[in-house]
Amino acid sequence: MKSRLSLATVVALVALLLSSSQAQEQDTQCKTTAKADIVLLLDGSWSIGRMNFKTIRSFIVRLVRVFDIGPDRVQIGLAQYSGDPRTEWHLNTHHTKESLLNAVANLPYKGGNTMTGMALNHILQYNFKPNVGLRPDSHKISILITDGKSQDEVILASQNLRDLLTLSSMLSV
């Protein structure tokens, strides 16, 4: 029974890998004229681990490849956090998909605690600002990538960020 289960698991994994590689070969592209300013907030704490951090980078690469990157389309900024958040790049830093993919490939693993509330406040104060690329006529999107529970309070910070992004979107309509 155990060998059948193992064989079934292997078959399932091979099928998953084949379908995944076929999907990556297809030129999947978001075909829209909408402008979007996306800030990724990435948990770089010790609990993530180096192997999972590589998986996160792969996810970000797939995300970037889908969009038409540029100053008149989709802009992506990224902040990484642990005990202290830091902006890795702003919305207006990378004007091409190639430049952005290179930045993702070279993104270092930070390590530290998990202070998600502090990080949400950081992107609110430093990343969603016109002087770093935020456009008044764009959709404002924040994506939090984390593995679990924060070591600080997140409710107020997340509500403040939600309110700002909602208000900004209403004002740009």
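**Notebook: chain overview and residue Q80**

I began with the surface of the protein chain, which exposes about 10,200 Å², with carbon and sulfur atoms supplying 59% of that area. I note that the model is predicted.

I then looked up the confidence. The protein chain has a mean pLDDT of 85, and 80% of its residues reach 70 or more. Over residues 1-19, however, the pLDDT is below 50, and I found 0 contacts for this stretch in the model beyond near neighbours in sequence.

Next I recorded the secondary structure. I list 5 helices and 4 strands for the protein chain. Along the sequence, I read their order as α-β-α-β-β-α-α-β-α.

The protein chain has 173 residues, of which 38% count as buried. Taking contacts in the protein chain between residues at least 6 apart in sequence, I note that 83% join residues at least 24 apart.

What does the side chain of Q80 reach? I found that it reaches the backbone nitrogen of K110 at 2.9 Å. Leaving aside residues up to four places away in sequence, I listed the residues that Q80 touches: L42, G44, F53, P85, R86, E88, L107, P108, Y109 and K110.

How values were computed:
Residues are numbered from 1 along each chain as its sequence is written. Side-chain values use heavy atoms; hydrogens and water are left out. pLDDT is the predictor's confidence in each residue, from 0 to 100. Contact means heavy atoms within 4.5 Å. A polar contact is a pair of N or O atoms within 3.5 Å; within protein, one must be able to donate a hydrogen and the other to accept it, and residues adjacent in sequence count only if both atoms are side-chain atoms. Helices (H or I, at least four residues) and strands (E, at least two) are DSSP runs, numbered from the N terminus. Buried means under 20% relative accessible area, exposed over 50%, partly exposed in between (1.4 Å probe, protein chains only). Accessible areas come from the Shrake-Rupley method with a 1.4 Å probe; for residues, only the protein chains shown count as cover.
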